[in-house]
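I opened a new model today and kept notes as I went. Here is what I looked up.

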Amino acid sequence: MENLTIGFLGLGAGLILLLLRVQIGVALGLVSFVGIGVLLNARAAWGMLTAVPFNFVGDWNLTAIPMFLLMGFVASETGISAGLFRAMRILLAWLPGGLAVASVGACAMLSAASGSSVATSSAFARIATPEMLRYKYDPGLATGVIAASGTLGSLIPPSILMVLYGYLAEVSIAKLFMAGFLPGLLSATMFIGMIIIRCSLNPRLAPAVSETFTRRDFLDAAREIWALPAIIVGVLVGIFIGLFSPTEAGAIGAALAIALGAARGALSWQSLYRSGLATLTSTAGIFMVVIGTTLLGKFMTLSGVPSFIAESLLSLGSTELIVIAMVAVLYLILGCFLDSIGILLLTMPIILPVAREAGIEPIYFGIILVKLLEIGLVTPPVGLNVYIVKGALGERVSLVSIFRGVSWFIAVDLITLALLISFPIISLYLPSLMG
(Lines give C-alpha, C1' and ligand atoms only; values in the text may rest on other atoms or scores of the structure.)
Protein backbone atom coordinates (compact mmCIF):
# COMPACT_ATOMS: atom_id res chain seq x y z
CA MET A 1 0.00 0.00 0.00
CA GLU A 2 1.37 3.44 -0.92
CA ASN A 3 2.32 5.90 1.82
CA LEU A 4 -0.20 8.44 0.52
CA THR A 5 -3.04 5.93 0.76
CA ILE A 6 -2.03 5.02 4.32
CA GLY A 7 -2.04 8.72 5.22
CA PHE A 8 -5.56 9.31 3.91
CA LEU A 9 -6.82 6.13 5.59
CA GLY A 10 -5.35 7.41 8.84
CA LEU A 11 -7.13 10.76 8.41
CA GLY A 12 -10.39 8.94 7.79
CA ALA A 13 -9.92 6.76 10.86
CA GLY A 14 -9.19 9.85 12.94
CA LEU A 15 -12.37 11.59 11.79
CA ILE A 16 -14.43 8.48 12.60
CA LEU A 17 -12.98 8.39 16.12
CA LEU A 18 -13.77 12.10 16.56
CA LEU A 19 -17.35 11.53 15.42
CA LEU A 20 -17.56 8.75 18.03
CA ARG A 21 -16.66 11.45 20.61
CA VAL A 22 -13.22 10.03 21.41
CA GLN A 23 -11.06 12.73 23.02
CA ILE A 24 -9.18 14.61 20.28
CA GLY A 25 -5.68 14.03 21.64
CA VAL A 26 -6.30 10.33 22.22
CA ALA A 27 -7.89 9.79 18.80
CA LEU A 28 -5.16 11.56 16.84
CA GLY A 29 -2.35 10.07 18.93
CA LEU A 30 -3.69 6.54 18.44
CA VAL A 31 -4.10 6.97 14.68
CA SER A 32 -0.63 8.48 14.40
CA PHE A 33 1.01 5.71 16.44
CA VAL A 34 -0.54 3.00 14.28
CA GLY A 35 0.16 4.91 11.06
CA ILE A 36 3.84 5.52 11.85
CA GLY A 37 4.17 1.86 12.82
CA VAL A 38 2.79 0.81 9.43
CA LEU A 39 4.94 3.29 7.48
CA LEU A 40 8.16 2.58 9.39
CA ASN A 41 8.06 0.05 12.21
CA ALA A 42 6.73 -0.38 15.75
CA ARG A 43 10.03 0.69 17.31
CA ALA A 44 10.02 4.01 15.45
CA ALA A 45 6.37 4.60 16.40
CA TRP A 46 7.11 3.92 20.07
CA GLY A 47 10.15 6.20 19.95
CA MET A 48 8.05 9.10 18.66
CA LEU A 49 5.29 8.39 21.17
CA THR A 50 7.76 8.71 24.04
CA ALA A 51 9.84 11.58 22.65
CA VAL A 52 7.12 13.99 21.48
CA PRO A 53 5.32 14.47 24.85
CA PHE A 54 8.64 14.97 26.67
CA ASN A 55 9.92 17.53 24.17
CA PHE A 56 6.59 19.30 24.05
CA VAL A 57 5.98 19.58 27.81
CA GLY A 58 9.56 20.73 28.30
CA ASP A 59 9.24 23.58 25.78
CA TRP A 60 9.71 26.88 27.63
CA ASN A 61 7.51 28.89 25.25
CA LEU A 62 4.42 26.80 26.00
CA THR A 63 4.60 27.34 29.75
CA ALA A 64 2.92 30.67 28.98
CA ILE A 65 -0.36 28.76 28.60
CA PRO A 66 -0.86 27.70 32.25
CA MET A 67 0.35 31.11 33.45
CA PHE A 68 -2.25 33.04 31.45
CA LEU A 69 -4.95 30.53 32.40
CA LEU A 70 -4.08 30.94 36.07
CA MET A 71 -4.32 34.72 35.76
CA GLY A 72 -7.82 34.44 34.31
CA PHE A 73 -9.08 31.85 36.79
CA VAL A 74 -7.80 33.88 39.75
CA ALA A 75 -9.52 36.99 38.37
CA SER A 76 -12.78 35.07 38.13
CA GLU A 77 -12.52 33.38 41.54
CA THR A 78 -11.68 36.60 43.41
CA GLY A 79 -14.63 38.54 42.02
CA ILE A 80 -12.59 40.75 39.70
CA SER A 81 -14.79 39.73 36.75
CA ALA A 82 -17.96 40.66 38.67
CA GLY A 83 -16.39 43.99 39.58
CA LEU A 84 -15.58 44.63 35.93
CA PHE A 85 -19.22 44.19 34.94
CA ARG A 86 -20.45 46.45 37.75
CA ALA A 87 -18.01 49.16 36.75
CA MET A 88 -18.75 48.92 33.02
CA ARG A 89 -22.46 48.97 33.79
CA ILE A 90 -22.17 52.25 35.69
CA LEU A 91 -20.04 53.79 32.94
CA LEU A 92 -22.07 52.58 29.94
CA ALA A 93 -25.65 52.00 31.14
CA TRP A 94 -26.81 55.27 29.51
CA LEU A 95 -26.22 53.88 26.00
CA PRO A 96 -28.96 52.01 24.06
CA GLY A 97 -28.53 48.38 25.12
CA GLY A 98 -26.19 49.63 27.85
CA LEU A 99 -26.00 46.36 29.80
CA ALA A 100 -25.12 44.44 26.63
CA VAL A 101 -22.51 47.07 25.73
CA ALA A 102 -21.10 46.80 29.26
CA SER A 103 -20.91 43.03 28.81
CA VAL A 104 -18.79 43.45 25.67
CA GLY A 105 -16.41 45.79 27.47
CA ALA A 106 -16.11 43.55 30.53
CA CYS A 107 -15.63 40.41 28.40
CA ALA A 108 -12.90 42.14 26.39
CA MET A 109 -11.00 43.05 29.56
CA LEU A 110 -11.31 39.64 31.21
CA SER A 111 -10.45 37.83 27.98
CA ALA A 112 -7.33 39.98 27.70
CA ALA A 113 -6.37 38.78 31.18
CA SER A 114 -7.12 35.10 30.72
CA GLY A 115 -6.63 34.33 27.03
CA SER A 116 -9.47 31.85 27.38
CA SER A 117 -12.82 32.21 25.61
CA VAL A 118 -14.39 29.43 27.68
CA ALA A 119 -13.39 31.02 31.00
CA THR A 120 -14.71 34.43 29.91
CA SER A 121 -18.06 33.11 28.65
CA SER A 122 -18.56 30.95 31.71
CA ALA A 123 -17.90 33.83 34.11
CA PHE A 124 -20.16 36.41 32.48
CA ALA A 125 -22.96 33.98 31.68
CA ARG A 126 -23.43 33.79 35.46
CA ILE A 127 -22.82 37.49 36.14
CA ALA A 128 -24.18 39.58 33.27
CA THR A 129 -26.89 37.51 31.58
CA PRO A 130 -29.14 37.16 34.68
CA GLU A 131 -28.89 40.93 35.16
CA MET A 132 -29.96 41.60 31.56
CA LEU A 133 -32.85 39.13 31.85
CA ARG A 134 -33.96 40.85 35.06
CA TYR A 135 -34.30 44.09 33.11
CA LYS A 136 -36.36 42.34 30.40
CA TYR A 137 -33.66 42.26 27.73
CA ASP A 138 -34.39 40.04 24.75
CA PRO A 139 -33.10 36.55 25.76
CA GLY A 140 -31.29 36.15 22.44
CA LEU A 141 -29.43 39.43 22.91
CA ALA A 142 -28.69 38.76 26.59
CA THR A 143 -27.12 35.38 25.84
CA GLY A 144 -25.74 35.98 22.35
CA VAL A 145 -23.64 38.93 23.50
CA ILE A 146 -21.91 36.78 26.15
CA ALA A 147 -21.29 33.82 23.82
CA ALA A 148 -19.89 36.09 21.10
CA SER A 149 -17.94 38.50 23.34
CA GLY A 150 -16.31 35.55 25.08
CA THR A 151 -14.55 34.76 21.80
CA LEU A 152 -12.60 38.02 22.07
CA GLY A 153 -10.25 36.08 24.33
CA SER A 154 -8.92 34.31 21.23
CA LEU A 155 -7.77 37.51 19.54
CA ILE A 156 -7.07 40.12 22.21
CA PRO A 157 -3.62 39.33 23.63
CA PRO A 158 -2.54 37.38 25.52
CA SER A 159 -4.16 34.54 23.55
CA ILE A 160 -3.63 30.82 24.01
CA LEU A 161 -4.45 30.18 20.35
CA MET A 162 -1.73 32.65 19.34
CA VAL A 163 0.78 30.92 21.61
CA LEU A 164 -0.01 27.59 19.95
CA TYR A 165 0.07 29.05 16.44
CA GLY A 166 3.38 30.80 17.12
CA TYR A 167 4.86 27.55 18.42
CA LEU A 168 3.75 25.51 15.39
CA ALA A 169 4.48 28.18 12.76
CA GLU A 170 7.79 29.12 14.42
CA VAL A 171 7.02 32.84 14.52
CA SER A 172 7.42 35.37 17.31
CA ILE A 173 4.62 35.09 19.89
CA ALA A 174 5.29 38.67 20.98
CA LYS A 175 4.73 39.88 17.41
CA LEU A 176 1.55 37.83 17.18
CA PHE A 177 0.28 39.48 20.35
CA MET A 178 1.03 42.91 18.89
CA ALA A 179 -0.67 41.98 15.63
CA GLY A 180 -3.83 40.82 17.41
CA PHE A 181 -4.31 43.96 19.49
CA LEU A 182 -6.01 46.19 16.91
CA PRO A 183 -8.13 43.42 15.32
CA GLY A 184 -9.34 42.51 18.82
CA LEU A 185 -10.34 46.10 19.54
CA LEU A 186 -11.98 46.31 16.11
CA SER A 187 -14.06 43.20 16.85
CA ALA A 188 -15.23 44.60 20.20
CA THR A 189 -16.04 47.98 18.63
CA MET A 190 -18.06 46.34 15.85
CA PHE A 191 -20.06 44.37 18.43
CA ILE A 192 -20.81 47.53 20.40
CA GLY A 193 -21.83 49.42 17.26
CA MET A 194 -24.21 46.65 16.21
CA ILE A 195 -25.83 46.52 19.68
CA ILE A 196 -26.36 50.29 19.79
CA ILE A 197 -27.86 50.40 16.29
CA ARG A 198 -30.20 47.44 16.91
CA CYS A 199 -31.38 48.72 20.28
CA SER A 200 -31.89 52.23 18.91
CA LEU A 201 -34.06 50.91 16.09
CA ASN A 202 -35.93 48.46 18.34
CA PRO A 203 -35.98 49.63 22.00
CA ARG A 204 -37.95 46.52 23.01
CA LEU A 205 -34.76 44.48 22.65
CA ALA A 206 -33.23 46.32 25.61
CA PRO A 207 -35.58 48.44 27.75
CA ALA A 208 -33.88 51.44 29.30
CA VAL A 209 -32.46 50.81 32.77
CA SER A 210 -33.97 53.39 35.10
CA GLU A 211 -31.02 53.95 37.41
CA THR A 212 -29.37 57.17 38.49
CA PHE A 213 -25.68 57.12 39.27
CA THR A 214 -23.93 59.77 41.32
CA ARG A 215 -20.47 61.16 40.85
CA ARG A 216 -19.34 58.93 43.71
CA ASP A 217 -20.65 55.89 41.82
CA PHE A 218 -18.53 56.82 38.82
CA LEU A 219 -15.46 57.29 41.04
CA ASP A 220 -16.10 53.92 42.69
CA ALA A 221 -16.44 52.34 39.24
CA ALA A 222 -13.11 53.83 38.17
CA ARG A 223 -11.46 52.45 41.32
CA GLU A 224 -13.06 49.06 40.69
CA ILE A 225 -11.88 48.83 37.11
CA TRP A 226 -8.37 50.27 37.02
CA ALA A 227 -6.38 47.39 38.50
CA LEU A 228 -6.99 44.63 35.95
CA PRO A 229 -6.41 46.87 32.87
CA ALA A 230 -3.24 48.11 34.56
CA ILE A 231 -2.02 44.52 34.94
CA ILE A 232 -2.89 43.72 31.33
CA VAL A 233 -1.24 46.85 29.93
CA GLY A 234 1.85 46.28 32.07
CA VAL A 235 2.16 42.68 30.91
CA LEU A 236 1.68 43.52 27.23
CA VAL A 237 3.99 46.54 27.26
CA GLY A 238 6.65 44.41 28.92
CA ILE A 239 6.32 41.87 26.11
CA PHE A 240 6.26 44.49 23.35
CA ILE A 241 9.41 46.29 24.48
CA GLY A 242 11.24 43.01 25.10
CA LEU A 243 11.50 43.42 28.86
CA PHE A 244 10.35 39.84 29.38
CA SER A 245 9.14 36.85 27.37
CA PRO A 246 5.45 35.84 27.06
CA THR A 247 6.04 33.09 29.63
CA GLU A 248 7.60 35.50 32.12
CA ALA A 249 4.76 37.94 31.38
CA GLY A 250 2.19 35.25 32.15
CA ALA A 251 3.88 34.45 35.46
CA ILE A 252 4.03 38.13 36.40
CA GLY A 253 0.38 38.60 35.42
CA ALA A 254 -0.70 35.60 37.51
CA ALA A 255 1.29 36.85 40.51
CA LEU A 256 -0.21 40.34 40.19
CA ALA A 257 -3.74 38.90 39.89
CA ILE A 258 -3.16 36.92 43.09
CA ALA A 259 -1.80 40.02 44.82
CA LEU A 260 -4.78 42.06 43.62
CA GLY A 261 -7.22 39.43 44.89
CA ALA A 262 -5.46 39.38 48.27
CA ALA A 263 -5.51 43.20 48.47
CA ARG A 264 -9.27 43.14 47.82
CA GLY A 265 -9.69 40.61 50.62
CA ALA A 266 -11.29 38.20 48.15
CA LEU A 267 -8.53 35.58 47.98
CA SER A 268 -8.74 32.49 50.15
CA TRP A 269 -6.95 29.16 50.16
CA GLN A 270 -10.10 27.58 48.73
CA SER A 271 -10.31 30.03 45.80
CA LEU A 272 -6.58 29.66 45.14
CA TYR A 273 -6.98 25.86 45.18
CA ARG A 274 -9.91 26.02 42.76
CA SER A 275 -7.96 28.34 40.45
CA GLY A 276 -4.93 26.04 40.49
CA LEU A 277 -7.04 22.93 39.90
CA ALA A 278 -8.88 24.56 37.00
CA THR A 279 -5.55 25.66 35.52
CA LEU A 280 -4.07 22.16 35.77
CA THR A 281 -7.17 20.56 34.25
CA SER A 282 -7.38 23.02 31.36
CA THR A 283 -3.65 22.86 30.67
CA ALA A 284 -3.66 19.05 30.67
CA GLY A 285 -6.56 19.03 28.20
CA ILE A 286 -4.81 21.48 25.87
CA PHE A 287 -1.48 19.64 26.04
CA MET A 288 -3.17 16.31 25.29
CA VAL A 289 -4.66 17.78 22.11
CA VAL A 290 -1.36 19.39 21.07
CA ILE A 291 0.62 16.19 21.64
CA GLY A 292 -1.89 14.21 19.58
CA THR A 293 -1.83 16.69 16.73
CA THR A 294 1.98 16.93 16.83
CA LEU A 295 2.16 13.16 16.35
CA LEU A 296 -0.40 13.49 13.56
CA GLY A 297 1.80 16.09 11.88
CA LYS A 298 4.75 13.70 11.89
CA PHE A 299 2.56 10.88 10.53
CA MET A 300 1.19 13.15 7.80
CA THR A 301 4.68 14.31 6.80
CA LEU A 302 5.90 10.73 6.49
CA SER A 303 2.88 9.81 4.37
CA GLY A 304 3.21 12.80 2.04
CA VAL A 305 -0.40 13.95 2.54
CA PRO A 306 0.43 17.64 3.29
CA SER A 307 2.53 17.95 0.12
CA PHE A 308 -0.16 16.29 -1.97
CA ILE A 309 -2.92 18.54 -0.61
CA ALA A 310 -0.75 21.65 -0.94
CA GLU A 311 0.00 20.89 -4.58
CA SER A 312 -3.68 20.14 -5.26
CA LEU A 313 -4.88 23.38 -3.66
CA LEU A 314 -2.21 25.48 -5.30
CA SER A 315 -3.21 24.05 -8.68
CA LEU A 316 -6.60 25.75 -8.14
CA GLY A 317 -4.90 29.10 -7.62
CA SER A 318 -1.88 30.36 -5.76
CA THR A 319 -2.85 33.94 -4.94
CA GLU A 320 -3.14 34.95 -1.30
CA LEU A 321 -6.84 35.71 -1.60
CA ILE A 322 -7.70 32.31 -3.10
CA VAL A 323 -5.75 30.43 -0.42
CA ILE A 324 -7.33 32.49 2.38
CA ALA A 325 -10.79 31.93 0.87
CA MET A 326 -10.25 28.15 0.77
CA VAL A 327 -8.97 28.09 4.34
CA ALA A 328 -11.92 30.26 5.46
CA VAL A 329 -14.43 27.82 3.98
CA LEU A 330 -12.60 24.88 5.61
CA TYR A 331 -12.51 26.56 9.04
CA LEU A 332 -16.13 27.69 8.96
CA ILE A 333 -17.20 24.10 8.17
CA LEU A 334 -14.95 22.51 10.79
CA GLY A 335 -16.08 25.12 13.32
CA CYS A 336 -19.53 23.55 13.24
CA PHE A 337 -18.16 20.28 14.64
CA LEU A 338 -14.85 20.77 16.49
CA ASP A 339 -13.43 23.09 19.15
CA SER A 340 -11.03 25.87 18.15
CA ILE A 341 -7.81 24.37 19.52
CA GLY A 342 -8.57 21.04 17.84
CA ILE A 343 -9.23 22.74 14.50
CA LEU A 344 -6.03 24.79 14.63
CA LEU A 345 -3.79 21.89 15.55
CA LEU A 346 -5.49 19.41 13.25
CA THR A 347 -5.17 21.61 10.16
CA MET A 348 -1.79 23.30 10.70
CA PRO A 349 0.30 20.46 9.20
CA ILE A 350 -1.77 20.78 6.00
CA ILE A 351 -2.56 24.48 5.56
CA LEU A 352 0.74 25.97 6.75
CA PRO A 353 2.74 24.59 3.78
CA VAL A 354 0.01 25.90 1.45
CA ALA A 355 0.23 29.38 2.98
CA ARG A 356 4.02 29.40 2.73
CA GLU A 357 3.92 28.32 -0.91
CA ALA A 358 1.48 31.15 -1.63
CA GLY A 359 3.83 33.63 0.05
CA ILE A 360 1.37 34.68 2.78
CA GLU A 361 2.97 36.58 5.67
CA PRO A 362 2.78 34.14 8.63
CA ILE A 363 1.77 36.66 11.31
CA TYR A 364 -1.02 38.06 9.14
CA PHE A 365 -2.12 34.50 8.33
CA GLY A 366 -2.19 33.67 12.03
CA ILE A 367 -4.51 36.59 12.79
CA ILE A 368 -6.90 35.49 10.03
CA LEU A 369 -6.91 31.92 11.37
CA VAL A 370 -7.62 33.04 14.94
CA LYS A 371 -10.48 35.25 13.72
CA LEU A 372 -11.95 32.29 11.85
CA LEU A 373 -11.63 30.17 14.98
CA GLU A 374 -13.47 32.88 16.95
CA ILE A 375 -16.40 32.52 14.57
CA GLY A 376 -16.27 28.73 14.89
CA LEU A 377 -16.78 29.04 18.66
CA VAL A 378 -20.35 30.27 18.12
CA THR A 379 -21.46 28.60 14.89
CA PRO A 380 -24.13 25.86 15.05
CA PRO A 381 -24.48 22.99 15.69
CA VAL A 382 -21.41 22.76 17.95
CA GLY A 383 -20.59 26.33 18.97
CA LEU A 384 -18.69 25.66 22.19
CA ASN A 385 -19.33 29.10 23.73
CA VAL A 386 -23.07 28.73 23.08
CA TYR A 387 -23.14 25.53 25.11
CA ILE A 388 -21.04 27.14 27.86
CA VAL A 389 -23.70 29.87 28.20
CA LYS A 390 -26.51 27.30 28.02
CA GLY A 391 -24.88 25.20 30.73
CA ALA A 392 -24.51 28.20 33.01
CA LEU A 393 -28.16 29.28 32.62
CA GLY A 394 -29.88 25.89 32.56
CA GLU A 395 -33.49 26.10 31.37
CA ARG A 396 -33.83 29.87 31.73
CA VAL A 397 -33.10 30.39 28.01
CA SER A 398 -33.52 27.86 25.20
CA LEU A 399 -30.65 26.80 22.98
CA VAL A 400 -32.57 28.06 19.93
CA SER A 401 -32.80 31.55 21.47
CA ILE A 402 -29.06 31.62 22.12
CA PHE A 403 -28.20 30.61 18.55
CA ARG A 404 -30.73 33.14 17.24
CA GLY A 405 -29.14 35.89 19.30
CA VAL A 406 -25.58 34.94 18.39
CA SER A 407 -26.39 34.94 14.64
CA TRP A 408 -26.21 38.76 14.63
CA PHE A 409 -22.73 38.61 16.11
CA ILE A 410 -21.64 36.01 13.56
CA ALA A 411 -22.71 38.41 10.78
CA VAL A 412 -20.66 41.20 12.37
CA ASP A 413 -17.69 38.83 12.76
CA LEU A 414 -17.83 38.01 9.05
CA ILE A 415 -17.79 41.73 8.21
CA THR A 416 -14.81 42.21 10.54
CA LEU A 417 -13.05 39.25 8.91
CA ALA A 418 -13.59 40.82 5.48
CA LEU A 419 -12.02 44.06 6.76
CA LEU A 420 -8.99 42.21 8.14
CA ILE A 421 -8.49 40.39 4.84
CA SER A 422 -8.97 43.57 2.80
CA PHE A 423 -6.70 45.71 4.98
CA PRO A 424 -3.83 43.55 6.28
CA ILE A 425 -2.13 46.69 7.62
CA ILE A 426 -4.55 46.47 10.58
CA SER A 427 -2.75 43.42 11.89
CA LEU A 428 0.76 44.12 10.61
CA TYR A 429 1.67 47.72 11.42
CA LEU A 430 2.71 47.11 15.04
CA PRO A 431 4.91 44.02 14.43
CA SER A 432 6.59 45.82 11.52
CA LEU A 433 7.86 48.41 13.98
CA MET A 434 9.75 45.65 15.78
CA GLY A 435 11.68 44.77 12.64
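**Entry 1: what I am looking at**

I reminded myself that this is a predicted model.

**Entry 2: salt bridges**

How many salt bridges are there? I got a count of four.

I began with Arg134 and Glu131, whose side chains meet in a salt bridge at 2.7 Å, N to O. Both residues sit in helix α7, which runs over residues 117-134. They are three residues apart, about one turn of the helix.

Next I looked up Arg404 and Asp138, which form a salt bridge at 3.7 Å, N to O. Are the two partners buried or partly exposed? Arg404 has 43% relative accessibility, so I put it down as partly exposed. Asp138 has 18%, so I put it down as buried.

**Entry 3: a network**

Then I turned to Lys371 and Asp413, whose side chains meet in a salt bridge at 2.5 Å, N to O. This pair also links distant parts of the chain: Lys371 is in helix α18 (residues 362-376) and Asp413 is in helix α20, 42 residues apart. Lys371 has a relative accessible area of 0%, so it is buried. Asp413 comes out at 1%, so it counts as buried too. Salt bridges that share partners join Lys371, Glu374 and Asp413 into one network.

**Entry 4: Ser187**

I picked Ser187 next, and found it in helix α10 (residues 173-201). It has 0% relative accessibility, so it is buried. What does Ser187 touch, leaving out residues up to four places away in sequence? I noted Leu152, Leu155, Lys371, Glu374 and Thr416. Lys371 and Glu374 were already in my notes, as members of the salt-bridge network.

**Entry 5: helix α4**

I took the span of helix α4, which covers residues 64-77 and has 14 residues. From its first C-alpha to its last it reaches 20 Å, close to the 20 Å expected at 1.5 Å a residue. Why do I call it largely enclosed by the rest of the structure? Because eleven of its 14 residues are buried. Among them are Ile65, Phe68, Leu69, Leu70, Met71, Phe73 and Val74. Gly72 and Pro66 are also on the buried list.

**Entry 6: the second largest pocket**

Last, I went to the second largest pocket, which has a volume of about 490 Å³. I found 19 residues in its lining. Leu168, Thr294, Gly297, Lys298 and Pro349 lie nearest its centre.

Which helix gives the most to the lining? That is α17, with six residues. At least two residues each come from α3 (42-57), α9 (160-169), α14 (269-303) and α17 (340-357). I sorted the lining by class and wrote down eleven nonpolar, five polar and three charged residues.

Note on methods:
Residues are numbered from 1 along each chain as its sequence is written. This is a predicted model: local features need pLDDT of at least 70, side-chain atom pairs count only at pLDDT 80 or more; totals for chains, interfaces and linings use all residues. Side-chain values use heavy atoms; hydrogens and water are left out. On a 1 Å grid over the protein atoms alone, a cavity is a set of points where a 1.4 Å probe fits but cannot get out, and a pocket is an open set with protein on both sides within 12 Å along at least five of seven lines; lining residues have an atom within 4 Å of a point. Grid points are joined across faces, edges and corners, and a volume is the space filled by probe spheres set on the points. Helices (H or I, at least four residues) and strands (E, at least two) are DSSP runs, numbered from the N terminus. Ala, Val, Leu, Ile, Met, Phe, Trp, Tyr, Cys and Pro count as nonpolar, Asp, Glu, Lys and Arg as charged, and the others, Gly among them, as polar. Buried means under 20% relative accessible area, exposed over 50%, partly exposed in between (1.4 Å probe, protein chains only). The expected span of a helix is 1.5 Å times one less than its number of residues. Contact means heavy atoms within 4.5 Å.
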